[in-house]
Amino acid sequence: MNPVVLLATQRIREFTAGFLEQNRAVVLVTSGGTSVPLERNTVRSVENFSTGKRGATSAEYFLKLGYVVIFLHRPGTACPFARCFQAEVAEHVDGTLLDALWVREKTGALVLDVKRGAANILQGALEGYQEAREEGTLLLVTYETVTDYLLILQAAARALAPFRQNAMFFLACAVSDFYIPAAEMAEHKIQSSIEHRRKQQQQGGKEDEKQEGLILRLQAVPKCLPLLRHEWAPHAFVVSFKLETDPDILLEKAQEAVARYGVHLVIANLLHTRYKEVQLVAGAEAPMEGGEKGTEQTDVLSTPGFHVQHVVMDPAQKDLEARFVPLVAQAHFTFISRSDQPYGLPPPPLKALPTPSLLQRLRSVDLADIFMALILGPGMVVLSVALQRKLLEKIGERK
């Protein structure tokens, strides 16, 4: 197995072990885009671009709510807390960053100059990161290719399966829709001249190209949400995303994900307004609460078989995620409270979570299986004091 995948698997298992004993809830936030290699010795690739800002920002708010967070992301995309330095100082390590740095002559200290008002933001981000590091509630895991991403998700699903209802999959990653199977990849760099490519194809037993230019034959990545919901993590809470450019089909596509794949919640957004508004779409059996009075958040709208909640940016807050992440957490709590085994409560402690039979039923898979059965990751929830008491009373009545 790829050493990157092996290392990530080991880190995830070690990270989650202690929290299982504590009955903690855990959220796996996936973020960034994926790369599809065109050659086994990769020089060229097809990229599914994503800045990762949504995933990174959401991870911060999950931490604030008390979640333990596994952040699975692409290197070079936004990370929790570090994103603030990219926004306020320099997006890349280039001349902009170097212009903001200077050395104090007397002490030799390295000084960072920032825009007016940015010092408090950066201090808050640094303190948030240090707190998460000290408490051990944030794990950063990276991937590069779509293959690595799927294999690491497999490992995460196995590690988080024992958390049952406490696990949440917050799938903000922009996963590639198409790929080239390993068996069909060129061994070495695809040559630019048709003469060299013909030699490569003849060596591989493939039909010669008859024209200039490069023709790629990509296969569709199979839809993985049904497998995630019903086999790999049947007890977890699953949140997926739907990004479109056509407003006329946005809700239709989001509702289709709920109905066809059985996800618990879809966060639907349009490309050009994704940082200003989103719509939360859930099935009719999972009602959502409306926003507070006096806010710009609209009420929950009921359509046949679905609930749709429109959430817009609050001018008083910097991030849209400050509005909808708590709503996602509340939906997760409702999911836990309705389950037969409401794990993840704070003290008084419950018994250790039993290992579900799913772990024994998980089949061993290779890379081909991964692409035929994509797996996705997990998460968790924080409970308000009032809701904690209500659920504890419910447990007491059962006894």
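**Reading the salt bridges**

Student: Is Asp 319 buried or exposed?

Tutor: Asp 319 is buried, at a relative accessible area of 10%. Buried means under 20% relative accessible area, exposed over 50%, and partly exposed in between, using a 1.4 Å probe and protein chains only. Keep in mind that this is a predicted model, where local features need pLDDT of at least 70, side-chain atom pairs count only at pLDDT 80 or more, and totals for chains, interfaces and linings use all residues. Residues are numbered from 1 along each chain as its sequence is written, and side-chain values use heavy atoms, leaving out hydrogens and water.

Student: What counts as a salt bridge, and how many are there?

Tutor: You need a side-chain nitrogen of Lys or Arg within 4 Å of a carboxyl oxygen of Asp or Glu. That rule gives nine salt bridges here.

Student: Which residue does Asp 319 form a salt bridge with?

Tutor: Arg 83, with the closest N and O atoms 3.3 Å apart. Asp 319 sits in the loop between strand S15 (306–312) and helix H10 (321–338), and Arg 83 in helix H3 (residues 82–88), so the pair ties together parts 236 residues apart in sequence. Helices (H or I, at least four residues) and strands (E, at least two) are DSSP runs, numbered from the N terminus. Arg 83 is buried too, at 15%.

Student: Where are Glu 256 and Arg 260?

Tutor: Both are in helix H9 (residues 250–261), four residues apart, so about one helical turn separates them. Glu 256 is partly exposed at 27%, while Arg 260 is exposed at 55%.
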